[in-house]
Amino acid sequence: MRIVIAGGHGQIALRLERLLAERGNEVAGIIRNPGQAADLRKAGAEPVVLDLESASVEEVSEALKGADAVVFAAGAGAGSGTARKETVDRGAAVLLADAAERAGVRRYLLVSSTGANPDHRGDDVFDVYLRAKGAAEEDVRSRSALDWTILRPGMLTNDPGTGLVSLARSVGRGPVPRDDVAAVLAELLESPDTTGLTLELISGTVPVAEATKAAASAR
């Protein structure tokens, strides 16, 4: 497969790029900063320099031509203000969905967050973040032209991955290593029967492939 990852220099994205390339896939990562290109190449991904906060649908769809799937793994990041939660966590996710439809790429994976809700209340930055993620989810779910899957990881850690997770529509709150989030995303890309599912993810006791299969069958 050819897979294009938005937010290609993110911590989860770099792990995912490495995994996908090792499996023989062709991987491209969208980045805003050309200085990050070498890190993507090291991970086995082709860097595509494009600012998703200012790019047009046409520009992004051009970058998606020939792709079999797209993954939205971008985020405004810690320390960013409320405005960028809207332009990145919601706006860029919607832009990528628009571009995927235009380019004829059906498979769309959205990395969201536990607690995402377009109606979440509060004025703190994290409250705005949860609303933005929830609004992105709502938009993606409305698109019949996309074979979407939404993944909601719990609290992200840099602990080594265990390959053991809890993955279902609802799993409660808990931590999960970024290694394991990347492993689940790689598995979801090879699991078209997870289309139309919103899945929560934390560390658990079930191997990633088995957990993905069980989540798909528990519709």
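Arg152 counts as buried because its relative accessibility is 14%, where buried means under 20% relative accessible area, exposed over 50% and partly exposed in between (1.4 Å probe, protein chains only). Arg152 forms a salt bridge with Glu137, with the closest N and O atoms 2.8 Å apart; a salt bridge is a side-chain nitrogen of Lys or Arg within 4 Å of a carboxyl oxygen of Asp or Glu. The pair links distant parts of the chain, 15 residues apart, with Arg152 in strand 6 (residues 147-153) and Glu137 in helix 5 (residues 125-141). Glu137 also counts as buried, at 1% relative accessibility.

The model is predicted: local features need pLDDT of at least 70 and side-chain atom pairs count only at pLDDT 80 or more, while totals for chains, interfaces and linings use all residues. Residues are numbered from 1 along each chain as its sequence is written, and side-chain values use heavy atoms, with hydrogens and water left out.

**Further salt bridges**

- A search of the whole structure finds 18 salt bridges.
- Glu86 and Arg90 form a salt bridge whose closest N and O atoms are 2.3 Å apart.
- Because they are four residues apart in helix 4 (residues 82-103), Glu86 and Arg90 are separated by about one helical turn; helices (H or I, at least four residues) and strands (E, at least two) are DSSP runs, numbered from the N terminus.
- Glu86 is partly exposed at 37% relative accessibility, and Arg90 is partly exposed at 28%.
- Glu62 and Lys65 meet through their side chains in a salt bridge (3.1 Å, N to O).
- Glu62 counts as partly exposed at 49% relative accessibility, whereas Lys65 is exposed at 54%.
- A network of salt bridges links Asp98, Glu101, Asp139 and Arg143.

**Nonpolar cores**

- A nonpolar core is a set of buried Ala, Val, Leu, Ile, Met, Phe, Trp, Tyr and Cys residues joined through side-chain atoms within 4.5 Å.
- In the largest one, which has 36 residues, Ile5, Val71, Leu151, Leu167 and Leu185 touch the most other members.
- Helix 6 (residues 178-189) supplies the largest share of this core, eight residues.
- Another core, of 32 residues, lies apart from it and includes Ala6, Val60, Leu95 and Leu110.

**Helix 1**

- The 12 residues of helix 1 (residues 11-22) should span 16 Å at 1.5 Å a residue, which agrees with the 17 Å between its end C-alpha atoms; the expected span is 1.5 Å times one less than the number of residues.
- Ile12, Ala13, Leu14, Leu16, Glu17 and Leu20 are buried in helix 1.
- Gly24, whose phi is positive, near 90°, follows helix 1.
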